[in-house]
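Me: I'd like to learn how to read helix packing in a model. Could you walk me through it?

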2 protein chains.
Amino acid sequence: MTGDGASTVARARRGRSVEGRAQVRRDLVAAAVRLFGEQGYGDTTVDGIAAAAGVGRRTFFRYFRSKEDAISPDHGSALTRIAEVFDAAHPTEPTAPLVLRASETVLDLYTEDPALSVARFRLTHDVDALRDRESASVDHYRRLFTRQLRARFAGGSDGELRAAVTGAAVVAAHNLALRAWLAAGAPADGIDACRERFRKVADMLPVEPIRPAGDLHALARRLEAVAGRLERR
Amino acid sequence: MTGDGASTVARARRGRSVEGRAQVRRDLVAAAVRLFGEQGYGDTTVDGIAAAAGVGRRTFFRYFRSKEDAISPDHGSALTRIAEVFDAAHPTEPTAPLVLRASETVLDLYTEDPALSVARFRLTHDVDALRDRESASVDHYRRLFTRQLRARFAGGSDGELRAAVTGAAVVAAHNLALRAWLAAGAPADGIDACRERFRKVADMLPVEPIRPAGDLHALARRLEAVAGRLERR
DNA sequence: AACCCTAATGGCACTGCGTGCCGTTGAGCA
DNA sequence: TGCTCAACGGCACGCAGTGCCATTAGGGTT
């Protein structure tokens, strides 16, 4: 009595149906989110998720590589899309708007299903294993951004360092905005605010072509001193 | 015939011996590093590690929470020490040298046993599971730094954002220096170079107390414009 | 010296994740 | 109607991690 009705449904969508696969996937995600919320992550088994979705345990692992994957966004395809954004850009295009476009690709991933994103956010906030997994995913984004920036900063002084710092900073800032939006329940009228913050971060990127000095803060301090002398006149 | 001689040794160091515990721990780490290198991470079992160390499987899990932990540095105590550095600092102490001191605490963790650190670095570079775990650990540092910076930036404009960006940037920069040192085989004469890079990053931190504007890049651009006008006179 | 107390250990059994294998089933096609 | 192939379910296996408990050895006590 694991789910006669459900398994009948499952049987009805056999074959090479793309919609069938997508539907099974959605069912599994829905079941996972519901059970994680009801019984906690640790006390929910893959067997339980599969049964709740009216699917065999083995089938679960044909859709998700692990139990944690069942509630993770599809970072894999997001990374691919971001890489395409970078690769499609003209080498001379300014970095700031390019980074902005790449970032909004990530935002799209979450706006597709805000309610699901919020549920995931709550879970990744509470469960250690999921938080660590999220950290790993974020780091993949950081590496991708850093790699792209490194190519663009190459040749300038401290190119490696600037790429590492800028990539990490951009990803961290975007996560801050994204998490604030999700913590607020992902309101529809908050998307623009989130996008606005993204833009703000992009605006903070050092303008290129890179100035000879390279050290922006040193430049700022030098100019600040000049301004101070000016004011005192 | 799992290890008669070794188990005799193990038996000889029973009781409440602190040195005994430390020795068992070192043996387990050594066995893990060796086996991971010889047979790969995936093909090495906890049973194998325990047997190689002349210890029961159950004992392994009394020293390490998981298989991955066997080759992870003790990030837990490092985080504690860093938090102590921050907490012990006077509130008015400039942030840059404080961050530098906190960073060097991390460096100490790796300089204690350079050879082991290099072996770990190679493994975390190759094995996906270990790399993800490393990402999670690094993120713990990032969160700690960000939390401390947030307290110091509180009140200023965009304090949250500046803390998030600065924390992520500092950690990323330090990791870049640290990984470069480890990739070179952790030469003794490279420690100072690594420490020098740490200092360079600390110097790049915005000076405090925080200026009213808060947005450093905007400030830099504004001052740059002023400087441009000055030059044209 | 006999004794107890406690820390450390090792074995055992159990749950659950993840995987390989294989027989079955149903949709699409000739 | 029969063939093909993708998806599915079940089964068994290895292994990680945990709870439980008996055993052992060292330190302190009387």
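Me: Which residues of α5(A) and α6(A) meet each other?

Reply: This is a predicted model, so keep that in mind as we go. On the α5(A) side you'll find His75(A), Ala78(A), Arg81(A), Ile82(A), Val85(A) and Phe86(A). Their partners in α6(A) are Leu98(A), Arg101(A), Ala102(A), Thr105(A), Val106(A), Leu109(A) and Tyr110(A).

Me: And how do I describe the way two helices pack?

Reply: Two packed helices are described by the angle between their axes and the distance between the axes. Here, helix α5 (residues 75–88) of chain A packs against helix α6 (residues 95–111) of chain A at an angle of about 160 degrees, with the axes 9 Å apart. That makes α5(A) roughly antiparallel to α6(A), since angles over 145 degrees count that way.

Me: Which hand does the crossing of α5(A) and α6(A) have, left or right?

Reply: α5(A) passes α6(A) in a right-handed crossing.

Me: Let me try the next pair. At what angle do α6(A) and α8(A) cross, and within what distance do their axes come?

Reply: The axes of α6(A) and α8(A) cross at roughly 160 degrees and come within 12 Å. That makes α6(A) roughly antiparallel to α8(A). This crossing of α6(A) and α8(A) is right-handed.

Me: Which residues make that α6(A)–α8(A) meeting?

Reply: From α6(A) come Thr95(A), Leu98(A), Val99(A), Ala102(A), Ser103(A), Val106(A), Leu109(A) and Tyr110(A). From α8(A) come Glu134(A), Tyr141(A), Phe145(A), Leu149(A) and Arg152(A). Look back and you'll see that Leu98(A) and Ala102(A) are among the α6(A) residues that meet α5(A).

Me: Which residues of α5(A) are buried?

Reply: Look for residues under 20% relative accessible area. In α5(A) those are His75(A), Ala78(A), Leu79(A), Ile82(A), Val85(A) and Phe86(A). Seen down the axis of α5(A), they fall within an arc of 115 degrees, so they line one face of the helix. On the other side of α5(A), Asp87(A) and Ala88(A) are exposed.

Me: What covers the buried residues of α5(A)?

Reply: The cover includes α6 and α8 of chain A.

Me: What does α5 look like in chain B, and which of its residues are buried?

Reply: Run through the steps again. The buried residues of α5(B) are His75(B), Ala78(B), Ile82(B), Ala83(B), Val85(B) and Phe86(B). They cover an arc of only 155 degrees around the axis, which puts them on the same side of α5(B). The face turned away from that side carries the exposed residues Asp87(B) and Ala88(B). The cover over the buried residues of α5(B) includes α6 (95–111) and α8 (128–153) of chain B.

Me: Can we zoom in on one residue? Which residues does Gln148(B) touch, neighbours up to four places away in sequence aside?

Reply: Start with where the residue sits, then ask what surrounds it. Gln148(B) is in helix α8 of chain B. Its relative accessible area is 17%, so Gln148(B) is buried. Beyond its sequence neighbours, Gln148(B) touches Phe86(B) and Asp87(B).

Me: Is Thr146(A) buried or exposed?

Reply: Thr146(A), in helix α8 (residues 128–153) of chain A, counts as buried at 7% relative accessibility. Setting aside residues up to four places away in sequence, Thr146(A) touches Ala163(A), Ala164(A), Gly167(A) and Ala168(A).

Me: What about a loop residue? Where does Ala70(B) lie?

Reply: A loop residue can be read the same way. Ala70(B) lies in the loop between α4 (57–63) and α5 of chain B, and Ala70(B) is buried, with a relative accessible area of 1%. Leaving aside neighbours within four places in sequence, Ala70(B) contacts Val29(B), Ala32(B), Phe60(B) and Phe64(B). Ala70(B) and Phe60(B) are 10 residues apart in sequence and 8.8 Å apart in space, C-alpha to C-alpha.

Me: And stepping back, how many helices and strands are in chain A?

Reply: Chain A has 11 helices and zero strands. Of its 233 residues, 45% are buried.

Definitions and conventions: Residues numbered from 1 in each chain as written. Chains lettered and ligands numbered in written order. Predicted model: local features only at pLDDT ≥ 70, side-chain atom pairs only at ≥ 80, totals over all residues. Heavy atoms only, no water. Buried < 20%, exposed > 50% of the residue type's maximum accessible area, 1.4 Å probe, protein only. Helix = DSSP H or I, 4+ residues; strand = E, 2+ residues; numbered from the N terminus. Arc of directions from axis to C-beta. Contact = heavy atoms within 4.5 Å. Axes fitted to C-alpha atoms, helices over the stretch in contact; angles between N-to-C directions. Parallel < 35°, antiparallel > 145°, perpendicular 65-115°, else oblique. Left-handed = near helix turned anticlockwise from the far one by under 90°.
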